[in-house]
Amino acid sequence: MVPYQITTFKQSSAHEHAPALILSWTRSNMAQAQVWTLRKHFQGFPKNTDFELKEEKLPEPQNGEVLLEAVFLSVDPYMRPYSRVQMKEGDVMIGQQVARVIQSKNLKFPVGSHVTTHCGWRTHYLSNGSDLVLVLPEWPKNLPLSLALGAIGMPGLTALYGLEEVCQIKSGETLLVNAAAGAVGIIVGQIAKLKGCKVVGCAGSEDKVAFLKQLGFDEAFNYKTVRSLEEALKKAAPDGYDCYFENVGGHFSSVVMPQMREFGRIAVCGSISMYNDTEPQKGPYVHPEMIFKQLRMEGFLVHRWPHKHPESLKRLLAWQQQGKLQWREHVTEGFVNMPAAFMGMLKGDNIGKAVVKA
Ligand code: NDP
């Protein structure tokens, strides 16, 4: 990462009234941030030339504001479809990060504290605090802060809500999850095991399959190398699936549907196999299976249950601390490598959560 241009800092007399936990600094120069923008809307799979690195000058924080420095940045599949609906060319790439407060004029966020924020692909950011969430106060010192973007962050919550709220999974049931070795998938499988289920996971490499078995998945296979996906799914669960945690969509989904059991539940979390399509994929259509097996298929977004986030994050952290929830990350070094990390994740380079260390 190009270093943050820290200039001369001096104690400010303007904040003599401020409590000690707010370090009051002024700077003689503006902070310089780097930002990655969407130069051109993606057509098919993203390319290097779709992104542009720019510099931005940030003014000094005013009362109530804080200056943040990125520590870890997230690259997630949703950035691909959301870029089309939420962004115009030239916008800063969307995304969440863990950042450190380096200047503060806001009591809630003292210098040195860490927050999560959806401020996009930026090295530095000036915030009025309204969009910041402090990392849990009980966060253990030896636990990487990057987990606030993964197992104990949005992907962990997605796994939890998909299983509990959407699938309403019960002990003794059989669950299938695809993209199983990714950020959401590894948490889905482990929570389902904690709940007494049989878990089948599919992923795209032998290393990923080995990792899933290490995590305690009952069955795992490489969907890219099996002779027949249908046969592999049948072999893994001859009596079929009660719950299907859907991350992939498209053809994969069409093969799973006939293998659902009566009154099965499908949590439609993602459809990554379709995000880079230039032409929409066509059926087979799900209606006969849905009707005759009386299935329930429900799409969901993790943001549906914000009131549950604080308690849910504590629960995920407690499981992690008790050794019940393992995690893994694919860390790319350097803010300059954000596009490469993003494209690598879409291709399947990652085991566990893909993050960038700024
Ligand atoms: P992952 O960490 O799982 O990374 C993406 C993975 O998808 C890759 O590692 C790759 O693994 C797999 N993949 C890529 N292309 C294909 C393909 N054509 N077919 C099958 N698998 C493919 O990402 P996340 O865990 O962050 O996200 C998983 C899913 O959950 C995504 O669909 C995402 O959009 C969705 N999501 C939804 C949320 C919600 O609120 N609804 C919130 C968060 C995520 P492999 O090597 O196995 O192919």
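This is a chat about a few local features of one predicted model.

Me: What kind of model is this, and how are residues numbered?
Reply: This is a predicted model, in which local features need pLDDT of at least 70 and side-chain atom pairs count only at pLDDT 80 or more, while totals for chains, interfaces and linings use all residues. Residues are numbered from 1 along each chain as its sequence is written, and side-chain values use heavy atoms, with hydrogens and water left out.

Me: Is arginine 265 buried or exposed?
Reply: Arginine 265 counts as buried, because its relative accessibility is 9% (buried means under 20% relative accessible area, exposed over 50%, and partly exposed in between, with a 1.4 Å probe and protein chains only).

Me: Which side chain does it join in a polar contact?
Reply: The side chains of arginine 265 and glutamate 173 are joined by a polar contact of 2.7 Å, and the arginine 265 side chain also reaches the backbone oxygen of glutamine 168 at 3.3 Å. A polar contact is a pair of N or O atoms within 3.5 Å; within protein, one must be able to donate a hydrogen and the other to accept it, and residues adjacent in sequence count only if both atoms are side-chain atoms.

Me: What about the phi of glutamine 168?
Reply: Glutamine 168 has a positive phi of about 50°, although it is not a glycine, and with a relative accessible area of 47% glutamine 168 is partly exposed. Most residues other than glycine have a negative phi.

Me: Where is there a cis peptide bond?
Reply: The peptide bond from glycine 283 to proline 284 is cis, with omega near 20°.

Me: Switching topic, which residues are closest to the ligand?
Reply: The ligand is surrounded by 27 residues, of which the closest are Val184, Lys208, Tyr223, Tyr275 and Asn350; a residue counts as near a molecule or strand if one of its heavy atoms lies within 4 Å of it.

Me: Which distances to oxygen atoms of the ligand can you give me?
Reply: An N or O atom in the side chain of tyrosine 275 is 2.6 Å from an oxygen atom of the ligand, and a polar side-chain atom of asparagine 350 lies 2.7 Å from an oxygen atom of the ligand. For glycine 204, a backbone N or O atom lies 2.8 Å from an oxygen atom of the ligand.
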